[in-house]
Amino acid sequence: MDCHGVRAAMFRVNDNEVEPALLVVFRQHLTSCPACAEQFAYVSRLLALVRERSGRYCAPSTLKVRILASFPHRTRREFVE
């Protein structure tokens, strides 16, 4: 993975939205590229600060059930608590 690929994946990595193989290559690049490592540290700190100061609201369980029920591959038993 090159610098461009690492920078494109930084937000997905912070959100835990990358497959394990990509994460390994991403981390390997950071060990050999101080500029990308510094940029990733900055992005990580920024996102942590935003998450910390943002309000978190939990959707009502009835809304969760309606949304999950709209997925054709799901069954009602899978998401009813």
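A: In helix α1 of this predicted model, the buried residues are Val6, Ala9, Met10, Val13 and Asn14. Buried here means under 20% relative accessible area. Viewed down the axis of α1, these residues fall within an arc of 150°, so they line one face of the helix.

The face turned away from the buried side carries His4 and Ala8, which are exposed.

Next, the geometry. Helix α1 covers residues 3-14, 12 residues in all. At 1.5 Å a residue it should span 16 Å, and its end C-alpha atoms are 16 Å apart, so the two agree. After α1 comes Asn16, with a positive phi near 55°.

Now the setting. The chain has 5 helices and 0 strands. From the N terminus, its elements run α-α-α-α-α. Of the 81 residues, 20% count as buried. The radius of gyration is 18 Å, whereas a compact globule of 81 residues would have one near 12 Å. Along the principal axes, the C-alpha atoms fill a box of roughly 50 × 30 × 15 Å. Among contacts with a separation of 6 or more, 52% join residues 24 or more positions apart. The accessible surface comes to about 6500 Å², and 57% of that belongs to carbon and sulfur atoms.

Conventions
Residues are numbered from 1 along each chain as its sequence is written. This is a predicted model: local features need pLDDT of at least 70, side-chain atom pairs count only at pLDDT 80 or more; totals for chains, interfaces and linings use all residues. Side-chain values use heavy atoms; hydrogens and water are left out. Helices (H or I, at least four residues) and strands (E, at least two) are DSSP runs, numbered from the N terminus. The expected span of a helix is 1.5 Å times one less than its number of residues. Buried means under 20% relative accessible area, exposed over 50%, partly exposed in between (1.4 Å probe, protein chains only). The arc is that of the directions from the helix axis to the C-beta atoms. The radius of gyration is taken over C-alpha atoms; the globule rule is 2.2 Å times the number of residues to the power 0.38. Contact means heavy atoms within 4.5 Å. Accessible areas come from the Shrake-Rupley method with a 1.4 Å probe; for residues, only the protein chains shown count as cover.
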